[in-house]
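Visitor: Hi, could you walk me through this one? I'd like to ask as I go.
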Amino acid sequence: MKQLTGAGAGRNVGGFGFGAGLVLCGGLLGSMAHAELPRHLDLLVASRTYGTLFAVDPATGQIRSIVTGPDLRNAAKPVRGTGTLLAGALSGDLGTSRDGRIFWKLAPASGTTATYQIAAATGNRTGLFGTGSAINEANGAPLMLNARTLLLGADGFNQTFSQNSRILRYPLPSGPVSIFSGELVGDGVQLFRGRTLAFGEDHAVYVAEVGTLGGTVTSAGVYRVDLATGFRTLISRTGSLPLFRYNVTNGVQTPSTLSWDRGTGPVTNGQIRSIAYRSGRLYLGVSSSVNSVFYSAIIRIDIATGDRDIVVGTALADDGTGATLLTVSPSNPAAPPFDSASGLTVLADGTIAFSSLFTHNTICRLNPETRELTLIADLGPQVTADVRGKMNFTSLAQFTNCPGDLNLDGVVDDADFVVFVQAYDVLDCADEAMLPPCGADLNGDLFVDDGDFVGFVVGYNGLVCE
Ligand SMILES: [Ca+2]
Ligand SMILES: [Ca+2]
């Protein structure tokens, strides 16, 4: 515990008159200088079909720019950026850092699964690691643990039932990749096709399994993985089948599977597309299929009990049949339709943004308290007719490059100062009390100290963040 020198009562920093004004991130200056670059808090949405990453202004719903890949607004589809075209993936997901870095892990048609870094300034696509080897198989979500570390899911889409999934750890900028949890690393329940990740507030990363149709291991679940130990515990069974998984203790896996269960409520017989964390609860974008008709829902899980409920959409009753539909409608009558909710992203106001994977070209916003569902953007009218309904928006993330805006509400103000002081008192990004991605570590040295405070004050006192 140290004291923040010079902060006084928290309102008078270095004679700059702390609290005197707000810094708007991405203002007029930014738009004049970099008309084609994404701005702080733009929504990045990824088309797996074409390998295009759009930046969308959440206030207007308009495409701000093509970050990388073919420009689907133009019939000639000119490609922005160099490197492997990131199209054809079974599924892709995005990670963004607080300083404007973008990471995309997927399996492009021309190659095997790999993780790429996208340079926002140029659109260039650079492979970081991945050759389709066992440690990196299939797709998964990259997530910033801190400024220097990526955690990644690896769902093992084609793995056999005897293989385990894993969560990978990649030190930036150059690795090497290693297994953080899974296989025989870390005690606890086996992961099978654990694709998407979300940080909680309890020094844990939560992983959602895509799900499986049956075999030696069955069903799907959501697990807590402790960031200190890599140990895995079941939070909630999300699949309609009984959950069977191996258990690992001290690097030894049980010879046969065990039955696991936790939580009551709706389930799914299809894929889980995305997971998000908000206030002690997890939110899942899920798909189910009955009589060849696909249904989508956003399911909420109370971490304390594992109990599940539908916020909006259609999922299945946990009655053993895998065929009894349960539907919860949005509270507003004019709610937009959605399918296979993907890329769930919690915004500063507590609403959850998400994309639709298949027929819709939309980004929607859900208020999980009121069940109000509204439209943020419809990209359909903004692209050429031939790609509409085919883009497959697998993932969504916020582009963030305003380092002083710690709560991601678009301004650097006293609320951010409160967040900064809390992080400063903790100091070490690896401390259990520090929340990922340790955003107050502005200079990326994995500590929050006076060096970061200098940068924070500069942001607070008037520099436009682009
Ligand atoms: Ca802020
Ligand atoms: Ca630092």
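Visitor: How many bridges join strand β3 to strand β4, and do they run parallel or antiparallel?
Guide: Strand β3 (residues 52-56) and strand β4 (residues 63-70) run antiparallel and are joined by 4 bridges. Strands here are DSSP runs of E with at least two residues, helices are runs of H or I with at least four, and both are numbered from the N terminus. Two strands pair if DSSP finds at least two bridges between them. Before we go on: this is a predicted model, in which local features need pLDDT of at least 70 and side-chain atom pairs count only at pLDDT 80 or more, while totals for chains, interfaces and linings use all residues. Residues are numbered from 1 along each chain as its sequence is written, and chains are lettered from A and ligands numbered from 1 in the order in which they are written.

Visitor: Which residue stands opposite valine 56?
Guide: That is isoleucine 63 in β4.

Visitor: And what is the order of the strands in the open sheet with β3 and β4?
Guide: The order is β5-β4-β3-β2-β32, 5 strands with antiparallel pairing. The edges are β5 (79-80) and β32 (393-398); each has a single partner strand, so one side of each is left without a neighbour in the sheet.

Visitor: What does aspartate 378 touch?
Guide: Leaving out residues up to four places away in sequence, aspartate 378 touches Gly61, Asn361 and Thr362. Contact means that the C-beta atoms, placed from the backbone, lie within 7 Å.

Visitor: Why does aspartate 378 count as partly exposed?
Guide: Because it has 15 C-beta neighbours inside 10 Å. A residue is buried if 20 or more other C-beta atoms lie within 10 Å of its own, exposed if 12 or fewer, and partly exposed in between, again with C-beta atoms placed from the backbone.

Visitor: OK, glycine 83 next. Where does it lie?
Guide: Glycine 83 is in the loop between β5 and β6 (93-96). It is partly exposed, with 19 other C-beta atoms within 10 Å. Not counting residues up to four places away in sequence, glycine 83 touches Asn124, Arg125 and Thr126. Glycine 69 is 14 residues from glycine 83 in sequence and 9.4 Å away in space, C-alpha to C-alpha.

Visitor: Change of topic: how are β10 and β11 joined?
Guide: By a hairpin, through 2 residues. Strands β10 (residues 142-146) and β11 (residues 149-152) pair in the antiparallel sense over 4 bridges, and methionine 144 stands opposite leucine 150 in β11. β11 is also joined by 4 bridges to strand β12 (residues 166-171), and those two run antiparallel. In that pairing, threonine 149 stands opposite proline 171 in β12.

Visitor: Which residues touch the most other members in the largest nonpolar core?
Guide: Leu44, Leu151, Tyr206, Ile275, Leu282 and Leu284, out of 94 residues. A nonpolar core is a set of buried Ala, Val, Leu, Ile, Met, Phe, Trp, Tyr and Cys residues joined through C-beta atoms within 7 Å. In soluble globular proteins, nonpolar side chains tend to be buried together.

Visitor: Which residues of α2 are buried?
Guide: Asp416, Phe417, Phe420, Ala423, Tyr424 and Val426. What covers them includes β33 (411-412) and α3 (450-460). Just after α2, leucine 427 takes a positive phi of about 80°.

Visitor: What span should helix α2 have?
Guide: At 1.5 Å a residue, its 13 residues (414-426) should span 18 Å, and the end C-alpha atoms are 19 Å apart, which agrees. The expected span is 1.5 Å times one less than the number of residues.

Visitor: Last one: how many helices and strands are there in the chain?
Guide: There are 3 helices and 33 strands. Buried residues make up 49% of the 466 residues in the chain. Of the contacts with a separation of 6 or more, 54% are between residues 24 or more positions apart.

How values were computed:
Contact = placed C-beta atoms within 7 Å.
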